[in-house]
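Please keep the viewer open as you read.

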Amino acid sequence: MLNMIKMEIYRMLHTRSAYVILIVLTGCVLFTNIMSRDEYRADTRKAAEASVDMVQVSPSSPDESGEETPNLGMTVTLPTTPGEQVTVFDLFAANIQGRFIALFIAIFTILFSGADMSSGYVKNTAGQVRSRAALVAAKAVAVMVYTVFTILFFVAIEAISDALLFGTLAWGDPGEFLPYLGAQTALHCAFMVVLCALTVIIRSSVLSMVLGVLLCQNLAIILYGGAETLLRRMGAGDVDIISHTITGKIAMLPLAPSASDVTGALLTAALFLVLSAGLGALVFQKRDV
Amino acid sequence: MSEMLLQTRALTKQYGRHRAVDQVSMHIKKGAIYGFIGRNGAGKTTTLRMISGLASPTAGEIELFGCRGRDLSRVRSRVGCLIEGPGLYGSMSARDNLKMKSMLLGVYKRGYEEELLDIVGLGGVGKKPVKRYSLGMKQRLGIALALVGEPDLLVLDEPINGLDPQGIAEVRDTVLKLNRERNMTILISSHILEELSKIATDYGIIHNGTLLQELTNEELMEKCSERLEVTLDDPERAVPVMDRLGIKRYQVADREHIYIFERLEESAALNMAFAKAGIPVRGISVTNGELETYFLKLTGGGADA
């Protein structure tokens with residue numbers, strides 16, 4: 001198993017798309033940060049003019065209670081109250097809640113997970129290992145390593161952005177930032193393992209890419225809406241499916257997460273991770289290569 | 001009897017209603033180069049995929065290195081394969097492609113990848129991405145990948161497909177070298193029979209998913225080599241005559257035919273000797289039994305082999 005993980009990490013380090021995505025991600029994050037700074041400054045000016053205590057920055061912005069108005073597409077909105085110091089945590093949360101980072105990692109995950117099958121390299125490996133299922137597990141580990149690295153890289157970009165665009169490097173409250181960072185990292189890892197398993201199962205990078213992007217773009221709410229209506233008609237009462245999904249948790253995790261919020265996020269991540277990796281491994285083990 | 005390295009028993013693979021491989025029982029001796037002959041769609045690749053662990057049989061059994069059933073997973077790493085063309089990461093170098101498989105099999109030896117590249121004649125390719133390689137180079141890199149971990153059995157599916165004459169010769173030399181220098185057992189499929197006949201020690205002929213025949217190179221050459229085909233009424237009576245003439249390589253094929261594999265230019269003298277002994281000869285001719293002819297006769301004609 002360790003050998004398989006080493007192989008997959010070696011492959012990851014020698015995959016050009018891994019670096020291309022980091023470069024594009026850097027550009028896009030800097031762009032959204034600049035846009036957010038301009039918006040923030042405009043809001044601060046407006047707030048000063050209107051002399052109000054607090055201005056709602058955007059109607060689609062999640063509030064502290066974690067409620068979100070589901071909308072299609074992605075939004076990146078700073079949660080900072082106008083006039084207050086914008087922190088690294090604020091910048092991090094703004095981009096991560098919009099599933100902006102998830103989208104980039106998802107693209108890499110799908111390309112990476114399908115590459116051995118599309119190139120045919122899997123024929124060199126699948127026959128010579130004791131358990132083919134372990135190959136999927138190794139791939140999932142490599143994807144998680146990339147996810148963790150990208151999130152840390154992203155934190156670094158946000159720190160630089162904060163210092164350059166907002167004048168001061170302020171990290172935010174570590175008591176809130178660190179649990180939030182940890183929970184989001186776990187959710188992102190789980191999401192990527194789901195996509196990795198999906199790519200292995202459906203054997204189509206194109207279809208997986210479409211599904212991955214749609215999930216990041218919140219388009220699954222149409223599906224969830226239909227399922228909720230069906231469940232209501234069946235007498236299951238009001239069920240809020242999106243709040244139990246990984247992408248839902250990524251978007252709605254409160255900025256000051258309580259212990260139960262973090263636990264809920266970790267449990268959701270663990271459940272999706274284990275189920276999807278297990279299913280992907282089972283399918284790959286049984287199926288002809 | 002030589003030690004059997006691979007045996008299959010009634011190996012079967014069914015896809016829906018189509019039976020791609022039907023009760024194939026093949027036997028490969030240790031150190032052999034087993035030529036697996038069949039037309040396109042005969043079931044060669046499916047059989048090789050099952051042997052290589054890439055597909056599971058619908059029925060039947062594979063015995064590899066004396067292991068079968070669940071124990072097979074213990075010896076899978078001893079089988080290297082190149083199935084349906086080389087599977088390579090095009091944007092990576094040959095060395096990186098090899099390095100990954102070395103890591104998978106736990107081979108950490110300095111210069112190991114370069115050594116493999118030298119074996120297949122790709123030494124000095126540098127860091128050029130594999131996608132810029134010619135088909136022959138890719139094919140040879142595919143063989144190098146199959147050699148990682150020094151397998152005892154090498155399974156090559158149509159390795160000379162699409163290669164130019166020089167590429168074919170290079171692959172042939174590589175296969176022979178591996179067999180002779182490393183005592184590697186090689187299972188190689190092809191529909192280019194003449195090429196296969198230059199290296200194989202044993203053959204299996206598959207047609208419509210069924211293994212029609214297994215035979216050694218000597219047996220096949222005997223069936224296919226140039227010979228005098230004598231047609232006469234009583235072959236038994238002709239035997240003492242041939243013995244008197246010092247003819248040693250002959251075969252009484254049936255009640256009307258004798259095949260003689262030597263002194264092909266002496267057909268007139270032979271005819272006269274039979275006549276002197278009072279044995280009427282109805283016909284005598286030199287027959288050139290080509291491998292293709294034999295194969296076509298066995299599989300019922302057609303031109304795709």
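## About the model

This is a predicted model, in which local features need pLDDT of at least 70, side-chain atom pairs count only at pLDDT 80 or more, and totals for chains, interfaces and linings use all residues. Residues are numbered from 1 along each chain as its sequence is written, while chains are lettered from A and ligands numbered from 1 in the order in which they are written.

## Chain A overall

Chain A has 11 helices and zero strands; helices are DSSP runs of H or I with at least four residues, strands are runs of E with at least two, and both are numbered from the N terminus. Its C-alpha atoms fill a box of roughly 70 × 50 × 30 Å along the principal axes.

Buried residues make up 43% of the 289 residues in chain A. Here, buried means that 20 or more other C-beta atoms, placed from the backbone, lie within 10 Å of the residue's own.

## Where the chains meet

The contact takes 27 residues from chain B and 23 residues from chain A, with two residues in contact if their C-beta atoms, placed from the backbone, lie within 7 Å. On the chain B side, strand 7 (79–82) and helix 3 (94–104) each supply at least two residues, and helix 3 of chain B gives the most, with six.

By class, this side of chain B has 13 nonpolar, 10 polar and four charged residues. Ala, Val, Leu, Ile, Met, Phe, Trp, Tyr, Cys and Pro count as nonpolar, Asp, Glu, Lys and Arg as charged, and the others, Gly among them, as polar.

## The nonpolar cores

A nonpolar core is a set of buried Ala, Val, Leu, Ile, Met, Phe, Trp, Tyr and Cys residues joined through C-beta atoms within 7 Å. The largest has 144 residues, and A:A190, A:M192, A:V193, B:V155 and B:I186 touch the most other members. Helix 7 (residues 174–202) of chain A gives the most to this core, with 16 residues.

Apart from it lies another core of eight residues, including B:L228, B:V230, B:I260 and B:F274.

## A helix pair in chain B

Which residues join helix 3 of chain B to helix 4 of chain B? Helix 3 of chain B brings B:A94, B:R95, B:L98, B:K99 and B:S102, and helix 4 of chain B brings B:Y112, B:E113, B:L116 and B:L117. These residues divide into five nonpolar, one polar and three charged.

Technical notes
A residue is buried if 20 or more other C-beta atoms lie within 10 Å of its own, exposed if 12 or fewer, and partly exposed in between; C-beta atoms are placed from the backbone.
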